[in-house]
Amino acid sequence: MPVAVRIRKTIGNFCLDVDFESRASRIGILGASGCGKSMTLKSIAGIETPDSGEICINGKTVFSSAEKWNMKPQRRSIGYLFQNYALFPTMTVAENIGAGLKGNKEERKRRIQEMLASFQLMGLENRFPAQLSGGQQQRVALARIMAYEPEMILLDEPFSALDLFLKDRLQQELEEMLEDYKGTVIMVSHDRDEIYQFSEELVVMEQGRTIICGRTKDIFENPGKREAARLTGCKNFSRLKRIDGHRAAALDWGIALRLERKIPEDIVYAGFRAHEFVPVWGERRENCLKLSIAQIADFPFEKHFYIWPEGEKMQEMEKICWFVQKGNWKMLKERGMPDYLQLPEEKVMLLK
Amino acid sequence: MIEILKELDWSPLFISLKTGVTATFFSFFLGIFAAWKVVGAPVGKKAVLDGILTLPMVLPPTVSGFFLLLLFSRRRPLGMFLYDNFNIKVVQTWAGCVIAAMVIAFPLMYRNARAAFEQLDVNLIYAGRTLGMSERKILWKIVIPSAGPGIASGTVLTFARALGEYGATSMLAGNIPGKTGTISQKIAMVIQDGDYQSAGIWTAVVLCIAFVVIALLNVISGRKIKNVRRW
């Protein structure tokens, strides 16, 4: 079992209660800012100490409150990539890479040279971190981690401080650099796109608690819980009132849903992604919503429509989002705005 | 005028400088060590430690001197122990000068170092730990270099304070010409004798030193150190 984490920690009013296991070599932790995902990562690295629980990595227990065991971060062999890279400002690139290396001078020097070469940092070895670009800093930070061959690497929101253009590039670069790495990598992020691209398995956190974990693709397809669906990017939610096994009233959308599959009794919400609506011209079909536009927002590659829900109290309810990609505008222009939006059954998410 | 300068006994200057340098040397390491410990301590312990370490700066120097005198007197345990086992006398000796100056000036070093440490990006220390660096290596290779300007200005201030120390020194070390007679004590003495000329000369010397110290401080804090930029 590469990673098993079961920890609790209370800080003021905030209560961290994390519980997950994973065998995947690329694990993602998704959660909103301040949900405790960085705290979780720091606990795994040994920088923070949980109040109670257990952390096992590759069959080795690094923390166990029951056995009063807390391995020092120095001995855990876990690399940590900080959001600001935390390069040592008074050391050169070469010194930064060599900072954690053991062994004699010759060996260290050779290792530094290897790292400089494989991370394309040749010629920069005598520069200071402040003289490097963001991409170069990331490479130095990663080279510094890789130099001492950790068993596991933790990435703490590696791209969230970057502008969009740089973010795409650095993400590409990071994937390439990690390609040959055999150990486990855990990435923490609030960005669903980053996480989706990166991870095989996913842990979703909300207010200090792990609410779901499993294969990334499965969770994005069927989040199971409302908060998980929201974090994977679902925009529209409605309370659901079950009428019978196949019918339910979506209270916040003001429509009735009829599904072929059975609606389990413990389902309380329906979720629907803003890109998945199918426009309908003419007569109303099943699972349709009347199109009455409240607001339109234009984006370079998308148009966002905000639609009133049906029913009498619609003014008080949250508007429904319908996102149309640029490729589909033409169709709307030619045929005019549709009369209804259909929610295809397979896209309706049933949530707890 | 030159005649007067030639005949002047310069020993107070050397005693003061020697005391200042020695006291600064010890305060430097002790101050950094104390700051490092206090920054890492839990909140309650931090408050108590900080109070104890800063106290000598807040108390009137004569009060600190009185405590030191009680502590090191040869009629009391510590003084007795030092004298019997190591033949060290503190009261009325140059060692007393150094200890008095150190106790009074140490808080300046400690406070400056602590302020510099607290401004440090804590992730640097975390990074050091996850990279397998020992705590001592983190202190010497990461923390102190990154906190360089703060530590340097602390050192200069400590030196200045140690150089001018009067109250505690006169209590503990006394004013023995050529042995424990520092500049500050010399000035106080000659003024009591009505010798305003000597007082003037020594005042001028002190002014020169003070000016150099302040200038040095400005050079240090004004220097744009490229690689100590914070993000």
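Reader: How do you know what area is buried between chain B and chain A?

Author: In this predicted model, the area buried between chain B and chain A comes to about 2,200 Å², and carbon and sulfur atoms give 62% of that area. The figure is called buried because it is the accessible area that the two parts lose on being put together, summed over both.

Reader: What makes a residue of chain B count as being in contact with chain A, and how many residues are in contact?

Author: Contact requires heavy atoms within 4.5 Å, and by that test 24 residues of chain B are in contact with 26 residues of chain A. On the side of chain B that touches chain A, the elements giving two or more residues are α7 and α8 of chain B, while the residues of that side divide into ten nonpolar, seven polar and seven charged.

Reader: How many salt bridges and how many residue pairs in polar contact are counted between the two chains?

Author: A salt bridge needs a side-chain nitrogen of Lys or Arg within 4 Å of a carboxyl oxygen of Asp or Glu, and the count between chain B and chain A is zero. A polar contact needs a pair of N or O atoms within 3.5 Å, and here the count is six residue pairs, with both residues at pLDDT 80 or more.

Reader: Why is the largest cavity called a cavity, and which residues line it?

Author: The largest cavity, with a volume of about 40 Å³, bears that name because a 1.4 Å probe fits at its points but cannot get out. Its lining is made of B:Ser16, B:Thr19, B:Cys97, B:Ala162, B:Leu163, B:Glu165, B:Thr169 and B:Thr182, which divide into three nonpolar, four polar and one charged. At least two residues of this lining come from each of α2 and α9 (148-164) of chain B.

Reader: What makes the largest pocket a pocket, and which residues are the closest to its centre?

Author: A pocket is an open set of points with protein on both sides within 12 Å along at least five of seven lines, and the largest one here has a volume of about 580 Å³. It is lined by 18 residues, of which B:Val39, B:Gly40, B:Ala41, B:Tyr126 and B:Arg129 are the closest to its centre. Among the elements of chain B that give two or more residues to this lining are α2 (11-40) and α7 (122-130), and the lining residues divide into twelve nonpolar, one polar and five charged.

How values were computed: Residues are numbered from 1 along each chain as its sequence is written. Chains are lettered from A and ligands numbered from 1 in the order in which they are written. This is a predicted model: local features need pLDDT of at least 70, side-chain atom pairs count only at pLDDT 80 or more; totals for chains, interfaces and linings use all residues. Side-chain values use heavy atoms; hydrogens and water are left out. On a 1 Å grid over the protein atoms alone, a cavity is a set of points where a 1.4 Å probe fits but cannot get out, and a pocket is an open set with protein on both sides within 12 Å along at least five of seven lines; lining residues have an atom within 4 Å of a point. Grid points are joined across faces, edges and corners, and a volume is the space filled by probe spheres set on the points. Helices (H or I, at least four residues) and strands (E, at least two) are DSSP runs, numbered from the N terminus. Ala, Val, Leu, Ile, Met, Phe, Trp, Tyr, Cys and Pro count as nonpolar, Asp, Glu, Lys and Arg as charged, and the others, Gly among them, as polar. Buried area is the accessible area (1.4 Å probe) that two parts lose on being put together, summed over both. A polar contact is a pair of N or O atoms within 3.5 Å; within protein, one must be able to donate a hydrogen and the other to accept it, and residues adjacent in sequence count only if both atoms are side-chain atoms.
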